[in-house]
Each structure stands twice: as C-alpha cells, then as structure tokens.
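Dear colleague,

Please find below the structure for your review. My notes on the strand pairing and the backbone geometry follow it.

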Amino acid sequence: APDIPVIDQAYSKLSNSITVEWRVVPGATSYLLSAQDGDSCIETTVTNSPGTVMGLKPATSYRITIRSINAGGKSQPSPSRKAKTVLAAPVLSVSSPSCDSIAVSWKAVYMAAGFSVSLMRSDGLGRMLKQNTTNTSFVFTNLDPGTLYTIKAYAWNANGLPGDDFTYNQRTSPQAPVDVQVVFNSGALRAVVSWMPAEGALTYTVTASSGLLKLKCNTSSASCVVLPLQCGSEYSVFVTAHNDAGSSKPTDAVSLKTIPCAPGNISIEEDEPGNLLVSWSSVNFGHYYVVFVKSDDGLEVHCNTSHTQCHFQSDCGFTYFISVFAYNKAGQSPLGDVFNYTTAPCCPSDFHAVLVTSDTVEVTWAPVRGAELYETKAAEGSSAVLCNDTATACTLSALRCNTLYNITVYSFSEARGSNTSCTSKYVATAPCSPEIKNISKEALSVVTVHWQSNNEEATYTVTARGDAGLWHCTSSGNSCTLVNLPCGSAFSVSAIARSPAGQSLPSYSVPLETAPCCPNDLTLTQVTQSVTNISWSAGMGAQTYVTVLESSKGWAKCHTLQNYCLLGCIACGTTYTVSLRAISETGLTSSCTYQGYSSSACCPSGVKLYRIGNNGIRVYWRASAEAKSYNTDLRGSKGNFTCTPSSGQSYCDITEIPCGDVYTVVVSPVTDTEPKLTFCPKKIYS
C-alpha cells in the first residue's frame, strides 16, 4: 500500500462542498477523500490534488481525512483537518412593481449575519448599485423602464465570510406607449390603433370600451386592429404595454365615435296614387340622411335630408327598392334592410270580349306592367262569374244566355293586391237554346215542329238532318212546318235561335221517322198447285213485311223479314187480291196495294195409262171444272212425245213409241197466258 498523504489545506468556496489540497504520494493511483459530520460520512475518489467533496450541508463543520490508493491497497487515513462549509445563497424573489423600480426579497439564511445585494444593467451600461442589509428585502429605484438588470445577492456570517451568491435577471416593466393614433374604417366597422413602441415592451393590449362593452386586441407590433366595433357608439381607446415583468400604465384614453347605425322603423306608404312617403326613426350620431329609391327598370333617385321622411313620385306596376343611410363625420352607416314596395299593377285597357258560344265569352287584352294575375268578372245583378288566370286571355263560361253582362278585367300582384279602378264594358250573350215540345204529322211528308220561345228578338231555324239530306224551316214564332220529307227515312230534328248578339246552341234533338216506302216491284210465282211464291223489292225504312192473298175461297198471309214469302193453301184457278204492308223497326206501317193475281188451273185427277198395240199408249184423266184443254207429255231416253187432244176430251193417244224404254207421263192444263205447268203429278210407263 502507498504512504499516508498529508493534507496541506481544506477550505469551502461553495455551501455544499469542501476542497482539499495535499502533497502527492509516490506510487498512488488515486485518493479517497472523507468528510465526516457526526455519524454521517461522505466519501469521494479523485486522481490528484486538489479534490472536492460534494453533497455537504451549508454552514457545517466537517472532519476531513484522505487515503492514498494503488494496486496494493489503501493507506491509513491521514491526520484529520477541520473545515466548515460557507453559508447558503439566499433564494431571491424579484419583481418590477413599476417601470423604474425592482423589488428583491428572500428568506432568512441559516447562520447569516447580513446580506449583500447588487444590481447592474445586463448590457453593462451604467453603474452598479449595491446594498448591504440585515433585512430580507430591498427595492431599487430610479431604474430605466423596460431594461434587463442582473441582480446578485449573498449572505455572510458573523466573521464576515461570504457565502454562496444567487444571480437573477429581471426586466423592469415597460413605460406606457406614446403618440397613440386611431384610424377608423367605416366600411369594416373596425379601427386601426398605432403608437410609438415602448422600450422593453414585448406585447401590447389595446382596449376599446363603451359602457359595459370592452373590446381588446393583443399584439407584439406597434399597431393593432380593433373589431368589431358597433355602429352608433363612442369608444374610449387606450394602450397598455407588457413584458415579462408586468404591464405599463394605460395610455390616456382617445375618444372614437363610430358611424351611425342604419335607420330603423322604415315605413313606406302610398299616401296618394303616384306619391310614395318614406319615413324612419332617427339614430345616434346621425347628422343627415340619404334615401335611395331604385325602380325595377334600373332608374334610381335619391333624397338628402336632415329630417326623418322623404317624398317620391311613383308609377303603377313598378317595384321600388328603398334603402336609407345615415351619415356623420365618421362616414356612412352600414346597409340596413333593403325594403321593396310594389305599386298597384296597371289596369288592362281596351280589352276585347268575343262571344264564343251562347254561354261563353272570351276576353283578351294586352299585358300590363306589374300584373302577376288577372281576374275577369262578368256581373249581372247580384250574381257574378269570375275567371282568374296569369295569361292575358280568359274564357267566361256558364253565363246565362240572353243576358246583358257588365265585364271588367282587374289586375293583381302578390305584393299589392288588386287595382280596383279598372273600367268595364257591357256584353250581351247569345239567345237561349229553344226547347222542342212536340212534332205533329200533318201529312205523309209534312210535319210541324213546335218549340218553347224564351228569347227576345230571336229568329228560329229548325233543321231535320238524316241520311236523305237536310230539310229546313224558319220562323220568328214558336212553330214551323217541314215539307216534302222522304218516306222510310230517319231524321234528327233540332232548332237554333239567332239574334244580333249571336247564335244559340242547338236544342236537344228530337228523333223523327217517316213511314217506310212501299216496294216498287212485286212478283208472284206458282210453285205448286197450292203454293205460291211472292217476292218484292226492298222498301226504304222497312224491316218486316206482311203479304196477304185474299179471294172468295179464302186467304193466305205471310209475315217475314225477307223480301220474299211462300204462301200455301192457294186454290187453283182462283183470282186473288194482293196487298203488302211495310213495317219499320219502330212499328210505323205503310199499306201497299198491287194488281190482282189468278192462280193456275187445276191439274187433272185420275190419270191412267193403257197400252195400244206394241208401240202406243192411251192416257185417260178426269178433267177439272176450270180447265178446258190439256196437254200430255211423254218423255224418255229414246225420245219425247206430246199429245194435245181436242177441247173437252179427257184422253189422248200417243203412238209410234220406241219399245224397251221407261217414260214419264205428265198431263197438265193448257192456258193462253201461263206457261206449261211443271208441277202436275207424273206417271211412269215402261
């Protein structure tokens, strides 16, 4: 182990350490310093002299020893040396109560007998101020505003030995700014406040107060914008400078009057047609007023007054946009509410009323300024018909016929309502439609139409319309006669009335049907001895037909939809009267008569055949009462043969007939007017 070191001296420069100096020990690589205070001991290892023991208590006596160390171990402790730590530094609390003073205070320091406090500008200018005191506070005065100072303080003990010092940098608070300027911006309702910068000021606060309202603006520059200001107000504006030490006193207040507020309670009245009265309430700080009135066609006029009302000329159908501004030295008030006033729309002039139907009038007119809607009114007595439309035409319907109406066209706008001063015209409606009461048939083709007349100075026209054509008659009374109407035709009969006002609607149509036409051609054909076929041409308007053949021996009748009919039970050799009735769909009947008809003679009865030789035959029959002559026909594949006996005979012989054939034998009566009958009975002969 190395030798024991010898302490030369031990002293304290800081309140938490003691520095030890010793002579170097050969072979020692390091040293162990020990500071002992009662039961506590603090050690530290150093490599050479001097060495410092840290972490000690201020104003405390310690017993200091040192040991040398090398690879072989530690030496024995050196003889001890006593040393005492210096006093602790006072902890300062510093402030700048005013722009030219700094107040320093501290707490008492253990074992301190007094304190020394010094102050000097941090930039080194000026002289140092120093004060020794036994108190725990001191105030430096007459300092420069807004300047950074360095404050140093320490305590000393009863022996006058100084302890640790405490250094603190403190700036004095700034001085109030000077040359405050206020520039008011009336359009933005704000003010730009500027000033000369104050030494040492870091920030500034601008305050604008008006009554209980306060507006503030903070900045680090030499100007600030205060907003939003209120119109019609007076503000006191002052500036305060700030730094880390505090705030300056406020500057003297600068008075600021803002622009007046926009006038309120604006009322617009049309006290008489063509004259507008605009009035409003007065405002604070308003010296005079200007009213602007702009019409919707772009024309603008204005009125400058110190009163609270203005008069303007106006026209119908215009919308006027009205704004009122107040003025003072600060400028123009903000834009308030823009009011619009719409005058009553102009009246439609020179409108035209045209009668469209007996109960409808079409009214047209030129568009007028300011009208959004038109109302057309047709008045008669206590009743009225109205028509509302945005178009410049209106159709008045459901009017009473044969009536004089007072027609007026009013114009409307949503903003102003109706212009009730519009002129009117009288228009008469067309006559009322007549009502056909009945149609009387005067003859086959003549009818008289009767109607109810309820119009004045009206002429009536009756029309019968059908597939056969048109038939007319005219009268100023309540009936007229239609002549020469064709048979078998259907008509629709209506009547209209005409007057100077116009033409009525047609009356309700009444159906008229004439009796069907008789067929022009009628033909009778005998089908069998007791059956006759009757055919005829179609009769116009007929749906069914009834044919009747009548004689002293009886009658035959047929009812059919066709234009032919088979009649049975006809007596042969009899003369009949022929009649036909044509009947329409509705039951109208035309009775038609034709030339008489005679049925054919009766066929013979009891026909018998007898052979005469090898190639002959005799035919016998019983003659009827009506027939006098007969004809016998024999027909076969090898030839046809005819035999006509003398009048009154009832047999006939036919000879030279080829043998080996089958023949049909027919005996029929012979008349001068009818062709040979084909329906008499046949006999077969081989």
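In this predicted model, strand E57, which spans residues 630-636, is mostly covered, with five of its seven residues buried. The strand has two antiparallel partners among those examined here: seven bridges link E57 to strand E60 (residues 663-669), and five bridges link E57 to strand E58 (residues 639-643). E57 and E58 form a hairpin, with two residues between them. Thr632 illustrates both pairings: Val667 stands opposite Thr632 in E60, while Cys643 is the bridge partner of Thr632 in E58.

Several backbone features may also concern you. As background, most residues other than glycine have a negative phi, and most peptide bonds are trans.

Cis peptide bonds:
- Ser49 and Pro50 are joined by a cis peptide bond, with omega about -5°; Pro50 lies in the loop between strand E4 (40-46) and strand E5 (51-54).
- Leu227 and Pro228 are likewise joined by a cis peptide bond, with omega about -5°; Pro228 lies in the loop between strand E20 (223-226) and strand E21 (234-243).

Positive phi in residues other than glycine:
- Asn142 has a phi near 60° and belongs to the loop between strand E13 (137-140) and strand E14 (148-156). Asn142 is exposed, because its relative accessible area of 69% is over 50%.
- Leu189 has a phi of about 50° and belongs to the loop between strand E16 (178-185) and strand E17 (190-196). Leu189 counts as buried, because its relative accessibility of 17% is under 20%.

Yours sincerely

Methods
Residues are numbered from 1 along each chain as its sequence is written. This is a predicted model: local features need pLDDT of at least 70, side-chain atom pairs count only at pLDDT 80 or more; totals for chains, interfaces and linings use all residues. Side-chain values use heavy atoms; hydrogens and water are left out. Buried means under 20% relative accessible area, exposed over 50%, partly exposed in between (1.4 Å probe, protein chains only). Helices (H or I, at least four residues) and strands (E, at least two) are DSSP runs, numbered from the N terminus. Two strands pair if DSSP finds at least two bridges between them.
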